[in-house]
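Here are a few friendly notes to read alongside the model. Have a look at the structure first, then work through the points.

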Amino acid sequence: MTASTTVRAEKSPVFTADESDVESNAFVGLRGSARSRIAATGAALTLRPITGLIQPEQAWGLWLSRQIVARTMDVFGPSLSGTQVEPVDTLLADGRRVVGEWVRAKGVTRTDAAVYYLHGSGYSMCSARTHRRLTAWISKLTGLPVFCSDYRLAPQHRFPAAADDVRAGWDWLLETTDLPASRIVVGGDSAGGHLAVDLMLQVAGIGQRAAGLTMFSPLADVTFGLAAAREQLRRDPAISAAGAARLVRLYYDGIDPAHPRLALNVADGPALPPTLIQAGGAEMLAADAHRLADDIRFAGGSCELQVWPDQVHVFQALPRLVPEATKAMANVAEFVENVLRANDTSLEGRETA
Amino acid sequence: MIGFGPKRSRDSLAVVTGAGSGIGAAFAIELAARGGQVVCSDIDEIAAQRTVDAITDQGGKALALLCDVSKVDDVTDLAKEATSWFGATPTLVINNAGVGAGGTPIGVASLDDWAWTLGINLWGPIYGCHVFAPILREAGYGGIINVASAASFGAAPNMAAYNVSKAGVLSLSETLAAELSGTGVNVSVLCPTFVKTNIIESGRISQRSTDLADVLMKYTGLSPARVARTCLDAHDRGSLYCMPQLDAKIGWGIKRYAPATYTRALGLASRLT
């Protein structure tokens with residue numbers, strides 16, 4: 001374990017960003033709220049022992065994991081009131097199938113830009129439905145329609161099914177909305193962050209670049225090597241690195257995790273669009289967030305990393321549990337507005353002329 | 001001596017060597033949680049940065065520095081850079097960096113392994129004390145914690161270099177404690193037995209001994225976080241010796257009250273296994 005993490009670490013030589021980390025923490029505050037600390041401790045005492053017993057390879061284990069996540073997100077997620085949902089299930093001209101849903105919060109009518117959201121899953125759980133409260137909230141805060149992909153899940157559909165579905169959704173989105181890539185902000189949490197980065201690297205090859213990329217607790221290392229090293233220093237309140245790795249392995253079983261679309265080579269790849277990464281200080285995937293931010297900056301992209309002290313994995317989806325979710329999402333809305341405005345200068349020139 | 005002194009582990013300006021993993025990382029994280037600013041030094045800078053990330057992610061303050069404790073120039077630089085980062089002299093120094101070595105008896109173990117082990121485990125704390133003790137004495141406040149081991153008095157067979165190095169650290173700490181008495185600087189020496197760390201993988205230990213140590217560590221090992229908390233509390237109370245585990249305390253008692261019997265029993269036990 002030690003040896004493999006060292007090798008991975010050597011691949012990307014940047015580990016200098018301590019000033020920017022301090023900055024981002026000065027930005028988010030030094031300690032989590034009492035409620036979030038109680039939530040993290042509560043999860044460590046209740047959730048972690050349960051997830052430790054669940055076997056994701058078994059049907060009951062996967063079913064139970066899916067139920068726990070779906071119920072948690074429903075109970076502590078933001079309000080759905082007034083949200084309009086438009087299911088999408090269509091075929092592209094080349095036969096690829098696109099499944100997902102348009103989510104518009106009450107009063108959202110903008111058509112000049114859109115958010116393409118990739119839900120988190122550990123590659124084998126969740127759906128556009130479980131994340132609807134989160135996508136509706138993003139829609140409400142940004143005033144933009146959100147298209148959430150319902151990509152296929154493991155273990156029925158393995159690598160690269162999910163990544164291909166995400167790409168098909170992107171192609172369909174550009175075609176159907178008639179928007180250029182530069183008017184689309186891509187968002188994703190957890191494994192959705194991994195998919196989002198893969199998508200950005202894929203479409204960079206054909207000259208497409210999104211307006212921005214915003215990720216909550218993104219997964220960078222599908223083998224959970226970075227997370228395991230972090231776990232030695234601080235235990236994740238929700239799940240062990242080994243347990244999470246077993247879940248994600250359902251997706252790439254039989255495939256070398258060093259495959260370029262699994263071990264995403266961000267450091268040497270084309271520069272990603274402007275990126276905002278948020279992660280929780282209490283979760284093990286904070287290590288992945290650091291790695292991803294370092295790699296994006298190394299490749300010449302701009303990336304803001306915010307690690308919120310005492311927060312758990314994808315805390316943004318749980319505003320009724322932790323007050324930080326609201327503050328973090330306000331930052332996301334501001335980021336989306338800024339990257340779209342930065343791309344909009346040419347349009348403004350035309351309007352005033 | 002009487003009553004409650006200042007708690008040195010609170011709001012400290014701390015320097016921890018070997019902070020990239022194991023007990024050192026646990027010390028760094030616990031000190032940050034107690035309000036301290038922590039310089040995390042390690043020979044593996046990436047590992048040191050990992051610890052720093054874990055601290056800053058939770059709102060703490062920490063800095064990663066590369067330091068090979070077996071080189072006095074590195075330790076001198078460490079003191080300089082730490083002082084400039086703190087903007088003040090350090091108040092707590094933890095000489096923790098160490099490696100495991102063993103599996104072969106005296107005469108078989110290579111002299112190269114001896115030199116390597118003593119260079120890090122013994123000369124590391126010597127340099128640390130040599131560089132930092134005058135700074136703390138001058139400041140008139142602070143603490144030094146040296147991480148030894150139950151091996152420092154246990155003298156188990158087939159790990160001579162490790163035992164000698166840790167015995168040296170114990171003696172170093174005792175001497176330093178006497179020299180610094182009355183100066184406001186506390187000295188503690190930590191003597192754990194098995195702690196769940198990577199010292200076995202990163203050390204020079206024969207395979208058979210590695211397997212045995214792995215099993216012992218898995219079933220009897222204490223978590224590094226528990227060890228660090230216990231040791232810092234003991235240091236705050238002004239204890240010289242900190243033995244976080246019962247087996248270390250028992251071994252320490254037997255060794256002191258019946259040293260020759262202890263060694264004979266140890267020899268017998270190792271012949272039987």
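1. Which residue in β4(A) is the bridge partner of Tyr116(A)? The partner is Phe147(A). Strands β3 (residues 114-118) and β4 (residues 146-149) of chain A run parallel and are joined by four bridges. Strands here are DSSP E runs of at least two residues, and helices are H or I runs of at least four, numbered from the N terminus.

2. A word on the source: this is a predicted model, where local features need pLDDT of at least 70 and side-chain atom pairs count only at pLDDT 80 or more, while totals for chains, interfaces and linings use all residues. Residues are numbered from 1 along each chain as its sequence is written, and chains are lettered from A in the order in which they are written.

3. In chain A, eight strands make an open sheet of mixed pairing, ordered β1-β2-β4-β3-β5-β6-β7-β8. Strands pair if DSSP finds at least two bridges between them. β1 (84-91) and β8 (303-308) of chain A are the edge strands, each pairing on one side only.

4. Where the chains meet, chain A gives 22 residues and chain B gives 20 residues to the contact (C-beta atoms, placed from the backbone, within 7 Å). On the side of chain A that touches chain B, α1 (2-11), α2 (18-28), α8 (225-233) and α10 (286-298) of chain A each supply at least two residues.

5. Finally, helix α7 (residues 160-179) of chain B has 20 residues and reaches 28 Å from its first C-alpha to its last.

Technical notes
Contact = placed C-beta atoms within 7 Å. Expected span 1.5 Å × (residues − 1).
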